[in-house]
Amino acid sequence: MTVSLPEGGISGHAQSDDALVEASVQSRALHHVLVAERGAGMPDRLRHLAAHDLPGIAVVGGGTMGAGIAFALLSAGCSVTVLEADDEGASRAEANLAKLVEVGLGRGFLTSGSVEALRSRLTVTTDYSRASGCGLAIEAAFESMDVKRQVLLALEAALPRDAVLATNTSYLDIDTMAEVLDDPARLVGLHFFAPAHIMKLLEIVQGRKSSDAAVALGFALAGRLRKVPVLAGVCDGFIGNRILARYREAADTLLMDGSTPWDIDEAMVDFGYRMGPYEAQDLSGLDIAHANRRRQDATRDRNRRYIPIADRMVAEGRLGRKAAVGWYRYPGGGGKVIDPLVEDLVREEAYFAKVTRRTFTADDIRHRLLLAMINEAAEILFEGIAASASDIDLVTIHGYGFPRWRGGLMHYAETLGAEEILAALHELAKEDPVVWRPSRMIVDCVGRGVTFAEWRRREAVPSLAPAGQSAPFSGSPGAL
């Protein structure tokens with residue numbers, strides 16, 4: 001059963017006959033985003049630490065992500081030393097950077113003169129001592145705790161004691177990573193989004209022991225790169241990837257229970273996304289999400305339903321665009337084509353799982369996927385992983401394609417109302433009380449009669465606070 005939500009809510013498009021009303025709604029959403037963007041920047045408590053001149057920067061790893069980070073830094077006028085493990089890696093890094101330069105020239109973003117200036121600021125080497133003058137190092141190595149710890153130890157030995165060390169990890173625990181360092185306060189998360197030289201979002205992840213100086217340098221770097229910075233606490237996936245994981249989980253459940261990848265994608269494109277979750281996963285590669293699921297195997301909640309369809313896709317070599325086949329086929333490297341073999345595979349997995357498939361409308365799909373993301377985002381706020389609802393709006397817009405004209409995930413949720421959302425979650429919890437358990441924040445908003453934007457915790461939240469201090473954004477009941 002689908003709970004009836006306000007017109008234009010989760011279960012459907014805006015249906016107002018008055019175009020002026022709809023235009024007003026969109027205008028308010030766009031104004032909200034503009035205000036949030038203008039407010040994104042160095043927190044007041046760190047302004048006295050703001051760096052006026054960024055030091056030389058080392059980037060460890062010249063793969064797709066590392067090269068993108070290095071290119072963004074070079075384009076902003078920074079001196080960059082790219083560190084690789086061996087000569088083969090160094091050659092690959094140089095080739096990746098050359099491709100980015102070529103694209104920049106082809107699109108008119110670079111001139112021959114600017115390319116020469118850029119190259120003059122670049123060093124690619126396997127010798128960590130060549131980075132000894134850098135005041136910041138960003139590791140963009142393979143997403144492995146052991147690998148990243150080894151890189152950080154090498155950086156700690158090579159760089160000055162006051163240099164800031166940063167990790168570009170997408171999911172891994174920064175606090176665990178920092179334990180190998182003599183001074184864990186040096187480590188901060190700088191989570192870039194691919195392609196790093198284009199995407200505007202930068203999640204600045206503050207670990208339990210990250211110093212104010214390290215966090216401030218992250219904000220200064222975001223300003224230099226003209227990126228939108230959002231402060232995040234430590235959890236699996238931080239803000240954006242944690243919401244993304246819930247989005248994909250809810251989509252996979254719909255897939256198992258009766259839908260298709262193309263129906264789900266179409267429903268979300270109609271909502272305003274540029275592409276749906278399955279086309280997006282084809283673009284990034286199914287093997288990336290698969291590796292992350294394997295990392296989580298040991299700690300996965302056994303009471304939580306697990307959908308194995310994507311695992312089978314990887315086992316059959318359906319890795320996405322790079323393999324010319326994933327959730328869709330890409331004949332000749334061109335546009336996507338629906339593959340009926342995927343639907344056969346899904347139906348077979350449903351049969352193995354003894355699932356009786358049913359029909360989901362486009363409204364049903366949107367209803368469930370948006371509720372899943374809103375509920376996860378609310379819990380992120382409750383745990384203190386994000387500082388505000390507007391920060392989550394910025395993350396979802398600039399990192400994950402949420403339609404800007406809807407104001408971001410939490411602004412959109414605000415238009416629905418906490419009471420309606422809570423009622424809808426209670427209804428879905430009748431099917432699965434584990435995944436649809438309402439966020440404690442939503443329950444609290446309804447109980448106290450406050451909006452998501454107004455909500456503050458009743459007690460201190462330590463997640464984003466310096467060691468031994470309460471979180472800077474923690475509110476009190478009297479602050480509402």
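Colleague: What are the ground rules?
Modeller: The model is predicted: local features need pLDDT of at least 70, side-chain atom pairs count only at pLDDT 80 or more, and totals for chains, interfaces and linings use all residues. Residues are numbered from 1 along each chain as its sequence is written, and side-chain values use heavy atoms, without hydrogens and water.

Colleague: Why are helix 8 and helix 14 called roughly antiparallel?
Modeller: Helix 8 (residues 240–257) and helix 14 (residues 362–382) pack at about 150°. Angles over 145 degrees count as roughly antiparallel, on a scale from 0 to 180 degrees between N-to-C directions. The pair is therefore roughly antiparallel. Their axes are 9 Å apart.

Colleague: Which residues of helix 8 and helix 14 make the contact?
Modeller: Contact means heavy atoms within 4.5 Å. Among them are Arg-242, Ala-250 and Leu-254 of helix 8, and Ile-365, Ala-372 and Glu-376 of helix 14. By class, this contact has 11 nonpolar, no polar and five charged residues.

Colleague: Why does Glu-139 count as buried?
Modeller: Buried means under 20% relative accessible area (1.4 Å probe, protein chains only). Glu-139 has 0% relative accessibility, so Glu-139 counts as buried. Glu-139 is found in strand 4 (residues 136–139). Its contacts beyond four places in sequence include Val-60, Lys-148 and Asn-168. Val-60 is 79 residues away in sequence, yet 4.5 Å away in space, C-alpha to C-alpha.

Colleague: How many residues has the largest nonpolar core?
Modeller: The largest core has 103 residues, and Ile-239 and Trp-327 have the most contacts inside it. Helix 14 gives the largest share, 12 residues.

Definitions and conventions: Helix = DSSP H or I, 4+ residues; strand = E, 2+ residues; numbered from the N terminus. Parallel < 35°, antiparallel > 145°, perpendicular 65-115°, else oblique. Nonpolar A, V, L, I, M, F, W, Y, C, P; charged D, E, K, R; others polar. Core = buried A, V, L, I, M, F, W, Y, C linked by side-chain atoms within 4.5 Å. Buried < 20%, exposed > 50% of the residue type's maximum accessible area, 1.4 Å probe, protein only.
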